[in-house]
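Please look over the model below before reading on.

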Amino acid sequence: EYKKWLREDRIQREMAYQLRLGFKKIKQPNFSYLRMQGLQHLLQFVKQVEDEAALFSTLQDAEDLNAVWHVYHSILKPETSNDTINTHSLVTSEEKRTALEIIQSAVSHHPKSKLIFSGLLKGLELLLIFLVDTSLSESVHVVSANLIVQLLTDSAENMKTFEGLNGWQKIAERMKDGRLGMNARCACSEAALQAVRYFKAHEVIVKALGENNVKELLKGAATIKIPNTSNESCPSLVM
């Protein structure tokens, strides 16, 4: 037991060190390259904790070591002025995409972070803003749609919040938005498919897309996947 405790203590100390190292870099307000270094460090670290997920989850209970909390406040927190919410003007699309990927990995290991991001930090509202922001790269749109599905899975509280934001209607609207790239529209199609099949939002999606389009969406359910490149296919919807 003592040897086990020593091993776990050593691992948690190393984890805390790696997290703080990344947090320090992403807090640089005027140096994008340093923020990106910190984000890439954190993403690589969080993706490698699979074998010690329980120890990582325990660390995430502490606010000063919570990856979602730090990434949000350093990279994603919106600027507010005159009651208007704008995403951080100095942060690049690449930084935002990487930050969202860190959150994806972190919440998969630490369920409490899912509620922190969605509730306390209003993450679902932020992701919907990202989906309509055509100044952002397509990769940000894709990760935003993917993360929405992840946050809603097995969370009645998050689902209630999302429905209060008219989230499914906005997802359906993004599917028809010609300004979005094909990858982003396919990711929104996947989210809409999840809504119809698992999230009990069939009626909302039908109202937004039309019955024929929903039938086409379900018809393509066997082969639908979120693409990584623009030449991959997704359900063809008659808009």
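**Notes on the predicted model**

1. Start with Q194. Leaving aside residues up to four places away in sequence, Q194 touches V149 and F199. Contact here means heavy atoms within 4.5 Å. Q194 sits in helix α11. Its relative accessible area is 17%, so Q194 is buried. The cut-offs are under 20% relative accessible area for buried, over 50% for exposed, and partly exposed in between, with a 1.4 Å probe and protein chains only.

2. A word on the basis. This is a predicted model, in which local features need pLDDT of at least 70, side-chain atom pairs count only at pLDDT 80 or more, and totals for chains, interfaces and linings use all residues. Residues are numbered from 1 along each chain as its sequence is written, and side-chain values use heavy atoms, with hydrogens and water left out.

3. Now the whole chain. The protein chain has 13 helices and two strands. These are DSSP runs numbered from the N terminus: helices are H or I with at least four residues, strands E with at least two. Of the 239 residues, 49% are buried. Take the contacts between residues at least 6 apart in sequence: 66% of them join residues at least 24 apart. The accessible surface is about 12500 Å², and carbon and sulfur atoms account for 49% of that surface. Areas come from the Shrake-Rupley method with a 1.4 Å probe; for residues, only the protein chains shown count as cover.

4. Which helix is largely enclosed by the rest of the structure? Helix α3, residues 53–60, is, because six of its eight residues are buried. Those six are A53, L55, F56, S57, L59 and Q60. They pack against α1 (2–26), α2 (32–47), α4 (67–76) and α5 (93–109).

5. Two of those neighbours also pair up. α4 and α5 pack at about 165°, with axes 9 Å apart. The axes are lines fitted to C-alpha atoms, for helices over the stretch in contact, and angles run from 0 to 180 degrees between N-to-C directions. α4 and α5 are therefore roughly antiparallel. That label needs over 145 degrees; under 35 is roughly parallel, 65 to 115 roughly perpendicular, and the rest oblique. From α4, the contact uses A67, V68, V71, I75 and L76; from α5, it uses E95, K96, A99, L100, I102, I103, A106 and V107. By class, that makes eleven nonpolar, no polar and two charged residues. Nonpolar covers Ala, Val, Leu, Ile, Met, Phe, Trp, Tyr, Cys and Pro; charged covers Asp, Glu, Lys and Arg; the others, Gly among them, are polar.

6. Look next at α7 (residues 123–132) and α8 (residues 138–152). Their axes come within 9 Å and cross at roughly 150°. α7 and α8 are therefore roughly antiparallel too. L124, L127, L128, F130 and L131 of α7 meet V140, H141, S144, A145, L147, I148, L151 and L152 of α8. This contact has eleven nonpolar, two polar and no charged residues.

7. Finally, check two loop residues. Most residues other than glycine have a negative phi. N166 has a positive phi, near 55°. N166 lies in the loop between α9 (156–164) and α10 (167–175). At 46% relative accessibility, N166 counts as partly exposed. K200 also has a positive phi, near 55°. The loop between α11 (182–197) and α12 (202–209) holds K200. K200 counts as exposed, at 79% relative accessibility.
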